[in-house]
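Visitor: Please give me a close look at a single part of this model, the first chain, and then say what its partner brings to the contact.

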Amino acid sequence: MGLDQIRENKKKKKKKRLIFRSIVLILLLVAVAYALLTNLSDKKTTYEAGDSAPDFKLEQINSANNQSSIQLSDLKGKGVMLNFWATYCKPCEKEMPYMQKLYPKYKDKGVEIITVNLDSNKLVVDRFINKFNLTFPVLADRQDQVRELYNIVPIPSTFFIDSKGKIVKKVEGGLTLDKLAGYLQDIEPK
Amino acid sequence: MNNIKCECGHVNPEGTVLCEACGKPIEKNQHIDGNDKKKLLNMRYDGSARRSQTYNKSIIDKIWSFFSSVKVGVWLIVIALVASAIGTIYPQEAYIPSDAPDRDPAVFYEDAYGLPGKIFYQLGFHNLYSSWWYLLIISLIGVSLVICSLDRFVPLHRALKMQKPKRHETFINRQRFYSETENVTDEERETIKQNLKKQRYRVSEQDGHILAEKGRFSRWGPYVNHIGLIIILIAALLRTTPWFYLDEYMWVREGEQKVVPGTNGEYYIKNNNFIMELYDKNDKRFQAALKKKGEDVPSNFQTNATIYKKSGDTVAGAPPKLEKVKDVSIRLNHPAKFGGYTVYQSGYQQNEFKSMTFNLHEKNDPKKVAGTFKVDFGNVKSSYDLGNGYKVNVENYYPEYYLDEEDKIPRSKSKYARFPAFVFSVTAPDRKKPEMSFVGIGKNIDATGKNKYKLGVEKYEPLYASGLPVKRDYTLPIFAIGAIIFMIGVIQGMYWQHRRIWLHPKKDSTLLLAGHTNKNWHGLRRDIEKAISNTSVKIVEDQQELE
């Protein structure tokens, strides 16, 4: 075996070793990164401003409104205010009259106000609607499906969705009349 | 050009301590195993070149040699152990007692344990076992395990495969068991050889030099053991993926149908009813024990449920298309199984009402009942017709009634019928105007004070909610395989020993005899005693004891 050949062999061996080590290290790195990422990533998906609003379809229960059910995706092209509420929630009760006041005006401008009710008894919702003379659609989410889809924690929670179906603003907690009007203006279709 | 050529002609890789073929110590590498300071040779890894100790050039090699250090591995384990121990000093975040005054971890630890608690929280020990650095250390232990094993297994395997019967004299006389006998005949050597064979040694010969070897496979025990550990670590890694491991908890009320969490909306469960059974007080077998206990003792918790599977995609909110899978009765230790999921009976709650039955009677005489009606809290109607012209209207309903201090009006705290109250108006044939009354638990208020009729609660049904954990664990078989391999490795390394005996005849018919084993030196000595019986060969001396 000549000296050159030995050198050549050695080089080859070194190269093989480098490749082997690199592959093992990369595999281990991938495994470690995977372990860390899956553990640390928050499992809950929440929808924030900038996300597109996930679609849903619910039964409409306000007898003052003539729609029988509403699907969000049917409202593309309109601005949508999506409000989650319940009769037993005091701040919801406070903002309902504001919404009712602005509803007819903004409906003409192409902004829909849709509310998702989280109660379990239709009777209490009917009494509530009558008390405040609400005319906007009230959707019943009896099995909390849409609530879970949007991962709603506090009520009221309100999403302002533009004509392209994108969430422009998410508000957790009650709204004042001024703020409500401002956000509704932001989602008017241009 | 760093290979080292031994005088026997074998070319050893850089970093070799003892020539792979003849065992002669390679002069410039004796510091690696500390042979330069001792008489006896360090036989760990048979003096082969652990690659990590040889050269570091590229970054890859440097990272590799960092992880291939046992010292680094031990330190990682020590850090993980200390951290794990500290994590157990105070409860983890998930185990903050539910009756704590404030369960917010930012407040709880300082409140309950003072300054040490605050430090514990601020250093992140309250969520230790899923914190990024803890997971990183555990993963690095895994990396160290893989690289350390690879880096030692390969050269050791190579060295043991290559060893020649003919060893260098210094290799022989620097073994722990050693003896030197003059004037040994070839016949005597042949006797020893046959004796060794009888003891099931594998004997190889080269120019009269003899190597007898037994139980080499026990040397692979630690590596088999490490493979088991790596499989266990992989299983732990897979456990973090929802497909392999799922652990959810759901509450389902009686009559309620809910999606089973973690199944991506594939399965639904409907709680038909919950049953709690008590031990019979009149049963003679239990009488004494129950009397001693002084209270009811449950004998069974059971949720009768129906499992449904979604059969088609629907948009969220729309009623799902469901196919019935089966009816199940979930009891303690008798979980329901479907589609790889297991649902256990774990808890129950009874703080809601299912229904209430009212009777309408004359205020002054509870015996004069005009009619009864049942209010189902799952579906409260706006009016109940009692017949004979009696009718009760529900003006308002408060599922969890309280009186708002601010504006002095009745309100409900939630949608759950935990403390129901009603505003009823009663129409009776003998009254011109409807009579209003407010009826709740422990409350019965006559709005005007002039009512003729009164509503009384005749009976009620409690509503149970079942607490059902949903689990799926596909990692258990992997853990089991890892554990079995681990145990095989332990047994392999523990109950067998790698024994080697060398016979080294010199030209002047002196016979050098040396022996090495990784454990149980006494056993090796007895093997040698048997082998040299009926010969003039001297028994080996333990050179370690002589030192």
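Guide: The end C-alpha atoms of residues 18–37 of chain A lie 28 Å apart, and the span is 100% helix and 0% strand. The UniProt annotation "transmembrane region", from an unreviewed entry, covers these residues; UniProt positions are given in the numbering used here, feature names are shortened, and annotations may be inferred rather than shown by experiment. This is a predicted model: local features need pLDDT of at least 70, side-chain atom pairs count only at pLDDT 80 or more, and totals for chains, interfaces and linings use all residues. Residues are numbered from 1 along each chain as its sequence is written, while chains are lettered from A and ligands numbered from 1 in the order in which they are written.

Chain A has 5 helices and 7 strands (DSSP runs, H or I of at least four residues for helices and E of at least two for strands, numbered from the N terminus). Along the sequence they follow the pattern α-β-β-β-α-β-α-β-α-β-β-α.

The 7 strands form an open sheet of mixed pairing, in the order S2-S1-S5-S4-S3-S6-S7 of chain A; two strands pair if DSSP finds at least two bridges between them. Its edges are strand S2 (69–71) and strand S7 (167–172) of chain A, each pairing on one side only. From one strand to the next the twist averages 30°, where axes are lines fitted to C-alpha atoms, for helices over the stretch in contact, and angles run from 0 to 180 degrees between N-to-C directions.

One bridge pairs A:Phe160 with A:Lys169 in S7(A). Helix H2 (residues 90–108) of chain A packs on the sheet, touching strand S3 (79–85) and strand S4 (111–117) of chain A, with its direction at about 150° to that of S4(A). Helix H5 (residues 177–186) of chain A also packs on the sheet; it touches S3, S4, S6 and S7 of chain A, and its direction makes about 160° with that of S7(A).

Of the 190 residues in chain A, 32% are buried (20 or more other C-beta atoms within 10 Å of a residue's own, with C-beta atoms placed from the backbone).

As for the partner, 31 residues of chain A are in contact with 30 residues of chain B, contact meaning C-beta atoms, placed from the backbone, within 7 Å. On the chain B side, H4(B) gives the largest share, 6 residues.

Note on methods. Contact = placed C-beta atoms within 7 Å. Buried ≥ 20, exposed ≤ 12 C-beta atoms within 10 Å, placed from the backbone.
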